[in-house]
Amino acid sequence: MDSFFSMRLRILHVLLVFHFLSLEFGLIRQVSTLGINYGQVANNLPSPQQVLVLLSSLRITKTRIYDTNPQVLTEFANSNIELIVTVPNDLVVQLSDPQQALQWINTNIKPYVPSTKITGIAVGNEVYTTDDQNLKSNLVPAMLALHQALVHFGLDSTVHISSANSLAVLQNSYPSSLGSFQPELVNLMTPFLQFLSETNSPYWINAYPYFAYKDDPTSIQLEYVLGNPNVGMVDPYTKLRYDNMLCAQVDAVMFAMARLGFGGIEVRVSETGWPSKGDSDEYGATVENARAYNRNLLLRQLRGQGTPLRPKQTLEVYLFALFNEDMKPGPTSERNYGLYQPDGTMAYNVGLTTVTTSTTSVSSLISSASKGYEEELGSLWYWVCLISLTFQVLLTRAIL
């Protein structure tokens with residue numbers, strides 16, 4: 001009898017350990033849902049070869065660029081980096097012509113695949129919040145023409161087409177369940193969503209909780225915006241609880257799409273981030289807040305979490321941005337979203353370590369997330385041991 005219970009205790013212990021190990025490896029797998037935006041509006045950036053080394057050290061396998069820079073596409077060949085490339089806004093109208101679209105794919109996509117893992121084409125950027133009506137009306141025709149060109153070359157199964165939208169396409173975003181598109185955009189948004197639905201492509205949203213806080217720092221709780229521990233917000237209509245604004249914004253987009261009859265489209269965050277420096281009227285643009293927001297985002301992606309509305313669908317997020325870009329126009333914050341300075345040094349310290357290679361010296365972001373992750377894992381092992389010992393005591397008492 002004693003040996004029987006002893007065996008049960010050992011089996012229970014193994015099962016508990018296996019359970020927590022499965023959680024650990026589950027978290028590791030989900031890091032694939034984190035990408036980063038590689039902007040190049042600067043005159044002092046490292047070479048694409050050095051950037052590839054940096055991205056590899058960060059263990060980031062998804063990157064978005066804002067053009068089809070042939071140097072980047074060539075250098076990233078035979079790497080594990082998946083690339084989203086971009087059609088600039090000033091080419092969208094031209095590419096609504098099927099022949100022009102065919103030529104564009106033949107020149108900018110076909111020569112590089114499959115060696116370079118181009119997985120997406122962003123047609124324009126924040127088109128629906130510009131003042132150019134001709135651009136807006138030609139977005140979906142350009143997407144259709146480019147898709148047909150992909151079909152022509154047999155690339156439509158590996159390269160999807162979408163367009164990143166600003167959160168300003170929403171008329172309402174709070175609470176999330178009241179999410180709706182601007183009335184004047186509905187006639188444009190409906191065929192756009194129809195295209196995404198028919199081609200099984202994601203809806204990309206550029207979502208920046210920073211802007212909401214900057215515009216109303218007295219009413220919006222900073223901890224909620226940063227994703228730090230906070231009491232959160234409960235949607236009064238769905239009773240879903242939100243502990244960070246980014247997820248609330250994403251769910252507002254999902255509700256807005258559902259109102260137009262397209263509730264099944266996946267939403268991905270094509271840009272999000274926090275500036276480490278700003279002008280005097282740019283409230284919250286500090287190193288401390290940037291570190292907190294980005295670290296919380298990285299840890300969230302490591303956990304593979306969804307949103308309250310779609311908890312089982314891991315949210316894919318692209319962090320903005322890899323580098324500070326010194327030639328970007330606008331307020332000071334626009335030039336200070338990067339995790340790194342152009343010389344490869346950290347814009348701010350989130351616990352990074354240096355990795356040296358034969359070509360360049362770079363810093364590894366992964367230790368930032370790993371540090372917090374290891375702390376959590378250490379806590380998990382503590383509870384493994386505690387639970388295991390507790391069960392042993394309880395079962396021993398039962399035996400006696």
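View 1. Asp 97 is partly exposed, because its relative accessible area of 34% falls between the limits for buried (under 20%) and exposed (over 50%), found with a 1.4 Å probe on protein chains only. The model is predicted: local features need pLDDT of at least 70 and side-chain atom pairs count only at pLDDT 80 or more, while totals for chains, interfaces and linings use all residues. Residues are numbered from 1 along each chain as its sequence is written, and side-chain values use heavy atoms, with hydrogens and water left out. Asp 97 sits in the loop that joins α4 (89–92) to α5 (98–108). Helices are DSSP runs of H or I with at least four residues, strands are runs of E with at least two, and both are numbered from the N terminus. Asn 138 is 41 residues away from Asp 97 along the chain, and the C-alpha atoms of the two are separated by 9.7 Å.

**View 2. The protein chain as a whole.** The protein chain has twelve helices and 14 strands. Of its 400 residues, 50% count as buried. The chain exposes about 18400 Å², and carbon and sulfur atoms supply 55% of this area. Accessible areas come from the Shrake-Rupley method with a 1.4 Å probe; for residues, only the protein chains shown count as cover. Among contacts (heavy atoms within 4.5 Å) with a separation of 6 or more, 69% are between residues 24 or more positions apart.

**View 3. The largest nonpolar core.** A nonpolar core is a set of buried Ala, Val, Leu, Ile, Met, Phe, Trp, Tyr and Cys residues joined through side-chain atoms within 4.5 Å. In soluble globular proteins, nonpolar side chains tend to be buried together. The largest core here has 95 residues, and those with the most contacts inside it are Ile 121, Phe 192, Leu 193, Tyr 203 and Leu 322. Helix α10 (residues 245–259) gives this core its largest share, ten residues. Another core, of five residues, lies apart from it and includes Ile 84, Ala 122, Ala 164 and Tyr 318.

**View 4. Ile 121 and its contacts.** Neighbours within four places in sequence are left aside in this view of Ile 121. The residues in contact with Ile 121 include Val 85, Val 87, Trp 104, Ile 105 and Ile 109. Also among them are Leu 150, Val 159, His 160, Ile 161, Ser 162 and Trp 204.

**View 5. Helices α6 and α7.** The axes of α6 (residues 133–152) and α7 (residues 186–199) come within 9 Å and cross at roughly 15 degrees. That angle makes α6 roughly parallel to α7, because angles under 35 degrees count as roughly parallel, over 145 as roughly antiparallel, 65 to 115 as roughly perpendicular and the rest as oblique. Axes are lines fitted to C-alpha atoms, for helices over the stretch in contact, and the angles run from 0 to 180 degrees between N-to-C directions. On the α6 side, the contact is made by Lys 136, Ser 137, Leu 139, Val 140, Met 143, Leu 144 and His 147. On the α7 side, it is made by Leu 188, Pro 191, Phe 192, Phe 195, Leu 196 and Thr 199.

**View 6. Gln 249 in helix α10.** Gln 249 belongs to helix α10. Its relative accessible area is 7%, so Gln 249 is buried. Leaving aside neighbours within four places in sequence, Gln 249 is in contact with Leu 167, Ala 207, Tyr 208 and Pro 209.

**View 7. Two cis peptide bonds.** Most residues other than glycine have a negative phi, and most peptide bonds are trans. The bond from Val 113 to Pro 114 is cis, with omega near 5 degrees. Pro 114 lies in the loop between α5 and β4 (117–125). The bond from Tyr 174 to Pro 175 is also cis, with omega near -10 degrees. Pro 175 is in the loop between β6 (170–172) and β7 (180–181).

View 8. Asn 78 is not a glycine, yet has a positive phi of about 60 degrees. Asn 78 lies in the loop between α3 (70–75) and β3 (82–87) and counts as exposed, because its relative accessibility is 70%. Ser 79 is in the loop between α3 and β3 and is buried, with a relative accessible area of 14%. Leaving aside neighbours within four places in sequence, Ser 79 is in contact with Leu 52 and Lys 117. Glu 126, in the loop between β4 and α6, has a positive phi of about 55 degrees although it is not a glycine. At 26% relative accessibility, Glu 126 counts as partly exposed.
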